[in-house]
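Visitor: Please take a close look at one helix for me. Then place it in its chain, and turn to the other chain for contrast.

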Amino acid sequence: MLKIKNLESGYGKLKVLRKISIHVNPGEIVTIIGANGAGKTTLLNSIAGLVRLKSGEILFDKQDVLKFPPEKIVFMGCSLVPEGRQVFSTMTVKENLILGAYVQQRRKQRVIDLESIYSIFPVLKEREKQLAGTLSGGEQQMLAIGRALMAKPKLIMMDEPSMGLAPLIVKEIFNIVKRLRDEGNTVLLVEQNAKAALGIANRGYVLETGRIVLEGSSEDLLSNRDVQRAYLGRDLDSEMKI
Amino acid sequence: MNIELFFQYIVAGITYGAIYSIVAIGFNIIYNTTGIINFAQGEFVMIGGMTAVTLHSFFPLPYAILLAVIITMIAGALIEIIFIRWLVNPSVLRMIIITIGISILLREAALYIWGEKVRGLPYFTGTSVSSLSIGGVHVSPQVLWVIGISAVIVVALNLFFSYTMPGRQMRACASNRDAARLCGVSASNMITLSFVLSAGIGALAGCVVSPITYVQYESGTGLAIKGFTVAILGGLGNSMAAVAAGLILGILESLSIWVMPTAYKDVISISILLLMLFVKPSGLFGSKEAASLKEF
């Protein structure tokens, strides 16, 4: 579904990503884990068209998305839930969702299907008329995901959905991501919370200072020593000594 | 103090205030989608009025006005497409200087086309001397036109922004441009649309007010200053506050005649503008937090 080859990207003269090659198959959750500043957000923003590439290619559905601005890439079926939620805080929950459905409307789908989103996130229905800026962090994250889903994307990319949320809410969000996959959606999930992300993902990549240093199935990565030490907070060597 | 005279002044104040509000709303619409002040806003009002006067010699009044509004909207779109659209991440200062340049350009073009002659549309109903008596206050029917059309513009804009997809998209762009683009909204089209809307309402305001104030190639500048004052007074970007602020400024100006010679009327608005910029740049109705987020 998504195939990236030798992507190099950055801001101005600063190169953030070097020779990144990843792929995402339909129906799977692929996660990219890595520390702060590894380039995770830059990678997603490059795919979504918000950051211009220096070189490399991004094929989405066998189409080159390089030349397109973000608004066109959304129409191709690739939606991003941006880092830090980025809801339209001065607009109501319902209006946020309706804006998400703009892509569908342009595809001549006259009916705005709010109910399917409300069935995934019942709390959004309760808050329908509230301004998005007044929602809690978790609710805003749900709204951001709901807004992206309104476009009925083929691939939904999520940038740190767990950021700044209480553990219980994180669990809820990840359960929903899992449910989305089980309903046939494809998810590219970028996370600092490696344990939670690998817990639901099929495959994963480890991004370190702009390079992919490891890739494999979630089980392999979870049992990998380096991953455990660097991202899961476990140090097997010292544990064995005790 | 004569109570009837007092109300007479109030009505006059509301009339001017309504026009200031419309100009200020024009500022706000463009400010909200682009983050810049379009200093050519007053010229839209002037072009609307001038074009309508010219067209009126060929068409009946309603068609002349309609055509003038449409022509000004097209001019607004062209200005955005020619001067603004191709800029990649321009700085706020650069954009502002560009709009000042556009305003000079439009003024000079108007001088070239129409000369220095002062013109005005005929009164929409009645003549310059006809008046209605409302509770002892004498009101020109054109005043009712000005207030009525301003009210219609405000209500229509509110409906547009609240209930239509393009309106919501413009608000989304104002709220978070990148997120709007991720929803498939073309931000550059929204900016063009904001120029079209501002030009349209400016032109309509220029048409209704021209029988009272008349219009000349340089009458946009004065209106732009008043409109800008009102936009600042209400809080930049807040269109409903602009209505309140416009009425306040209009009435203050009108009542100032009591204490100062008419010639000093403009001093009121300039003083208010400076005072607000020094003391409370976020405006009467703006919050501090919102103001701190603004680039300009």
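**A helix and its surroundings**

Guide: This is a predicted model. Helix α2 of chain B covers residues 41–56. Its 16 residues reach 23 Å from the first C-alpha to the last. That is close to the 22 Å expected at 1.5 Å a residue. Of these 16 residues, 13 are buried, so α2(B) is largely enclosed by the rest of the structure.

Now the chain around this helix. Chain B has 12 helices and 2 strands. From the N terminus, the order is α-α-α-α-β-β-α-α-α-α-α-α-α-α. The radius of gyration of chain B is 19 Å, close to the 19 Å from the globule rule for 296 residues, so the chain is as compact as a globular protein of that length. Its C-alpha atoms fill a box of roughly 60 × 50 × 35 Å along the principal axes. Across chain B, 45% of the 296 residues count as buried. Among contacts in chain B with a separation of 6 or more, 76% join residues 24 or more positions apart.

Next, chain A. An open sheet of 6 strands runs β6-β7-β8-β3-β9-β10 there, with mixed pairing. Its edge strands are β6 (78–81) and β10 (211–217) of chain A, each pairing on one side only. Neighbouring strands of this sheet are turned by 15° against each other on average, direction ignored. Within it, β3 (29–33) and β9 (203–208) of chain A pair in the parallel sense over 4 bridges. There, A:I33 has A:V206 as its bridge partner in β9(A). Helix α1 (40–48) of chain A packs on the sheet, and its direction makes about 150° with that of β7(A).

How values were computed:
Residues are numbered from 1 along each chain as its sequence is written. Chains are lettered from A and ligands numbered from 1 in the order in which they are written. This is a predicted model: local features need pLDDT of at least 70, side-chain atom pairs count only at pLDDT 80 or more; totals for chains, interfaces and linings use all residues. The radius of gyration is taken over C-alpha atoms; the globule rule is 2.2 Å times the number of residues to the power 0.38. A residue is buried if 20 or more other C-beta atoms lie within 10 Å of its own, exposed if 12 or fewer, and partly exposed in between; C-beta atoms are placed from the backbone. Two residues are in contact if their C-beta atoms, placed from the backbone, lie within 7 Å. The expected span of a helix is 1.5 Å times one less than its number of residues. Two strands pair if DSSP finds at least two bridges between them. Axes are lines fitted to C-alpha atoms, for helices over the stretch in contact, and angles run from 0 to 180 degrees between N-to-C directions.
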